[in-house]
Amino acid sequence: MQGMRKTIGVLLLISLSFLGALALLPQRVQAVSPEQNYILRYDDASRIDMQNLTRSGHRVVHDLRQAGILVVRSHSPEQLQRLPGLGDLIQDRPQQMLPQHEFVTAYSAPELHAGARQNEQGCASVSTYCALQWDLKRIHVPEAWRVTQGSPTITVAVLDTGITSSHEQVGANYDKAASRSFVQPSLECALDKGNTSSLEDMNGHGTWVATHIAGKNGLRMTGIAPQTRLINLRTLNACGTGFHSWFFAAMLYANTVGARVVNLSLGSYICADGVVKESYYCNTQEKAQNGPSLWRTYTQVVRYLLDHNTLVVAAAGNEHVNLDKDGRVLNKSSVGYAVQANNPANSLYGTREVPAGLPGVIAVAAINRITAIGQPGETRHGQFGAGKRDQLAFYSNYGGRIDLAAPGGARNYNVPQFDCVNNNTKCSRLDFSSPTQADNPGVFGAYGVNASGQPCSNCYAFLQGTSMAAPQVTGVAALALAAHPEMTAWELAAWLKDSYTWYHDPNATPPAADMPNSPYTNYNINYSGKGLPEWKLGVGVIDAARAVRP
């Protein structure tokens, strides 16, 4: 996946599209290899023999026997492969990462206009929403607060880049003592050298996500469920990437400390169906070998969590691809997944998205605020849905696998930045049009670092992405549980899918282009195409007021 970019200063956090192309697929497990981490999946956890493992010189890094999983460090995968009862052996790889297209327009608090600060008691109430948080108005958070603002008996875990604990939006509900870092040293991220055990956010993304779910009702913004107990599980390093084992360990730890909801604003694509000849990424046995094993392992972990009362909510992904009900990518084009040109590497066909594609996960697509009406010559290929609200964001994945939509924001004209002629701000902006306006098309929230990448206690950002949509649903889930704590994870999933409102306007956002003779085939929106049907965006837009109904 491609990277995040600052529009103020130069802060290239990570080139995610490059990493996505290179790190998409696990390498083949070699017969002889240096000491590495391996993921072991068992169909029957009772077959795990810890004494045999340690006697043979293997070291258990994460004991996840409750779900039939182990993470083992070893130099002999051949020995591991012969273990009795072993279902799958997977070489651990850095593959999960922040979604692309989540560009950032960042401000420190003094730079925000006066409308962003309303009073000393907090900017939200049961009848008003914070000036820049149009998203909370759209999903009816003030109305939900007439019933509950969350409960300290309900725990939400955020698996992300960490939390800047000094940020003014981080409240007393942040349980730092129960929080953990699962990041380990890796050659892939020099920025993390010496910091892997830290809970702090060296990227910014995690602070935004966590405070949107359960940040305090502050002077400029509020979290959706500010009374909820918040756990920070750092699983993405400073470069925005993470190993599969970190996520398995963190997801299961979240369950042990009582998390009722886990938020995953991240993702990757794997060859879950094995070799697919027409696939760019899965067309050989070497590329596809571990994909089915990873899919089975993720599925096993998610099923364990559901059966033990923890629901997973995940970002649908920012490649604008069509996911079928089983998470498969159906089309052979995307919005600039690898390069902004016609290139076979832009096709994710033959892969499946994780975690959003997994059965039992609540997959969340992103809608915009309103598509501003542009003038001729401001965009390269025209516009779609001009003047309409609740449009599928130009980057958001869609399809039969999507459960719900939520505000994720989008550039002012709802087109990729590379389609804004001369990068004109009328087309590309995410923030407000002037210091006296609150017309930001991006979603406003707390950001953990400043433009230099240093920790910041009063920085804020306007973002776009399904990473911004997922925490809206997670926050609403926390409110729903506060109102109905007796619900199981399975019941909560069904309840959320029935807690929605319909889209304000019919969707006009088309799919990605796949016409052979088009100048933007395979890497851009099909500007001449029809809007995708609303059912491909999910059953509707998550609604907090409906979620806390009796």
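**Figure 1. Surroundings of Pro344 in the predicted model.** Apart from its neighbours within four places in sequence, Pro344 is in contact (heavy atoms within 4.5 Å) with Tyr280 and Asn522. Pro344 is placed in the loop between strand 13 (311–315) and strand 14 (352–354); helices (H or I, at least four residues) and strands (E, at least two) are DSSP runs, numbered from the N terminus. Residue numbers start from 1 along each chain as its sequence is written. This is a predicted model, in which local features need pLDDT of at least 70, side-chain atom pairs count only at pLDDT 80 or more, and totals for chains, interfaces and linings use all residues; side-chain values use heavy atoms, with hydrogens and water left out.

**Figure 2. Confidence along the protein.** The average pLDDT, the predictor's confidence in each residue from 0 to 100, is 91 for the protein, and 92% of the residues score at least 70. Residues 1–31 have a pLDDT below 50, yet this stretch has 118 contacts in the model beyond near neighbours in sequence. Where pLDDT is low, the predicted coordinates should not be read in detail.

**Figure 3. Salt bridges of Asp273.** A salt bridge is a side-chain nitrogen of Lys or Arg within 4 Å of a carboxyl oxygen of Asp or Glu, and the structure holds 23 of them. Asp273 pairs with Arg328, with the closest N and O atoms 2.8 Å apart. Asp273 lies in the loop between strand 12 (268–270) and helix 8 (285–288), and Arg328 in the loop between strand 13 and strand 14, so this pair ties together parts that are 55 residues apart in sequence. Asp273 also forms a salt bridge with Arg352, where the closest N and O atoms are 2.6 Å apart. Because Arg352 belongs to strand 14, this second pair ties together parts that are 79 residues apart in sequence. By relative accessible area (buried under 20%, exposed over 50%, partly exposed in between; 1.4 Å probe, protein chains only), Asp273 is partly exposed at 32%, Arg328 is partly exposed at 26%, and Arg352 is buried at 9%.

Figure 4. The side chains of Asp403 and Arg401 form a salt bridge, with an N to O distance of 3.0 Å. Asp403 is buried, with a relative accessible area of 11%, and Arg401 is buried at 6%. Elsewhere, salt bridges with shared partners join Asp273, Asp324, Lys325, Asp326, Arg328 and Arg352 into one network.

Figure 5. The protein is divided into domain 1 (34–91) and domain 2 (105–421 + 437–513 + 523–544), with bounds from an automatic or database domain assignment. Their centres, taken over C-alpha atoms, are separated by 32 Å. To the contact, domain 1 contributes 17 residues and domain 2 contributes 16 residues. The buried area (accessible area, 1.4 Å probe, that two parts lose on being put together, summed over both) is about 1,400 Å², of which carbon and sulfur atoms give 61%. On the side of domain 1, His62, Gln66 and Ile90 lose the most area to domain 2, together 34% of what that side buries.

**Figure 6. Salt bridge between the domains.** One salt bridge is counted between domain 1 and domain 2. Arg296 forms a salt bridge with Asp88, the closest N and O atoms lying 2.7 Å apart.
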